[in-house]
Amino acid sequence: GLVNTREMFAKAIKGGYAVPAFNFNNMEQLQAIIQAAAETKSPVILQVSKGARNYANQTLLRYMAEGAVEYAKELGWAKPQIVLHLDHGDSFELCKSCVDMGFSSVMIDGSALPYDENVALTKKVVEYAHQFDVTVEGELGVLAGVEDEVVAEESHYTKPEEVVDFVTKTGVDSLAISIGTSHGAYKFTPEQCTVDPKTGRLVPPPLAFDVLAAIEKELPGFPIVLHGSSSVPQEEVDTINKYGGALKAAVGIPEEELRKAAKSAVCKINIDSDSRLAMTAAIREVFATKPAEFDPRKYLGPARDNMKKLYIHKIKEVLGSDGKA
Ligand code: G3H
Ligand code: 13P
Ligand code: ZN
């Protein structure tokens, strides 16, 4: 069945790689994730956001994830290492409901709350979840951009001096931090970037690896999580724009930085936007080049293939989690 993150993260830290956490809210995304993980033998975290629950129905998503374990075996993956994780839980009740319905891991995101309230809420979720062997991710520090419905205009890096106290008081199994990543396809404004003179493309400011190093020093061997880690592949953005889309100045995290992070205590890297871009690019291309098609399989199929290619690339070329499950 589904597994929690405990052993998965311990292995990832020791092995110097990161486990991919991919969001899903539909069948094609889930198939692409499982096919990619099965082919590469990579542990994988299936993430469900509050928005995904509202969109696709939590019961359906839960059984889809459980079915995915069987599907993975059919694909020849003898011992699938698959986690079903709540992404950005914003209340005790939401986390409890996911624990009760069979999620193997939950995130309680109290990062927008005052410190003491974040501690109290996170601790309450941990006390409940651990009774059922469900692992819990907490968050300290605020990411710029949109964290579900919480809009953070500015990012506030995680304060390394707070992490030991937070982890000790709450008992969390992993900690999401803020070192300059953010959610969505517009992670940096053009003003924050420099321009590559050769390509004319925007080059984002570097992540705060000094903050990450300071956190690692405080919490040796403790699992760290990076949200907002899409790279916004330029070829997908170009395809979308070529076929009628209008994505302007979309900028992500360079894969080189994620590669470096994956070798550190960062053992979970969250990617959602890149999958959305891969899906949209493929669908737009079919709509534009084969306007007579109206069978959804004719555009959702290519979308699935394009997402699978992206997931395999992330696993093998960026996170290094292939062959670890
Ligand atoms: O962190 C946000 C994830 O990308 C999920 O996004 O809330 O639109 O489902 P969502
Ligand atoms: P991206 O928007 O960069 O894909 O981040 C996803 C995420 O952090 C989900 O929690
Ligand atoms: Zn996130």
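Reader: In this predicted model, is Asp 87 buried or exposed?
Author: Let's count neighbours for Asp 87: there are 24 C-beta neighbours inside 10 Å. The cut-off for a buried residue is 20 or more. So Asp 87 counts as buried.

Reader: Which element holds Asp 87, and what does UniProt call that position?
Author: Asp 87 is found in strand S3. As for the label, the UniProt record is an unreviewed entry, so treat it as an annotation that may be inferred rather than shown by experiment.

Reader: Which residues is Asp 87 in contact with, leaving aside its neighbours within four places in sequence?
Author: Contact here asks for C-beta atoms within 7 Å. With the sequence neighbours set aside, the partners of Asp 87 are Asn 23, Gln 47, Val 48, Ser 49 and Met 107.

Reader: Over to ligand 2: which elements give two or more residues to the shell around it?
Author: The shell has 14 residues, and His 227, Ser 230, Asn 270, Asp 272 and Ser 273 come nearest. The elements giving two or more residues are strand S3 (82-89), strand S12 (266-271) and helix H11 (273-289).

Reader: How many residues of each class does the shell around ligand 2 have?
Author: Sort the shell by class and you get three charged residues and one nonpolar. The polar ones number 10.

Reader: What is the radius of gyration of the chain?
Author: A compact globule with 325 residues would come out near 20 Å, and the chain agrees with that. Its C-alpha atoms fill a box of roughly 60 × 50 × 35 Å along the principal axes. The radius of gyration is 19 Å.

Note on methods: Residues numbered from 1 in each chain as written. Chains lettered and ligands numbered in written order. Predicted model: local features only at pLDDT ≥ 70, side-chain atom pairs only at ≥ 80, totals over all residues. Rg over C-alpha atoms; globule rule 2.2 N^0.38 Å. Near = placed C-beta within 6 Å. Helix = DSSP H or I, 4+ residues; strand = E, 2+ residues; numbered from the N terminus. Nonpolar A, V, L, I, M, F, W, Y, C, P; charged D, E, K, R; others polar. Buried ≥ 20, exposed ≤ 12 C-beta atoms within 10 Å, placed from the backbone. Contact = placed C-beta atoms within 7 Å.
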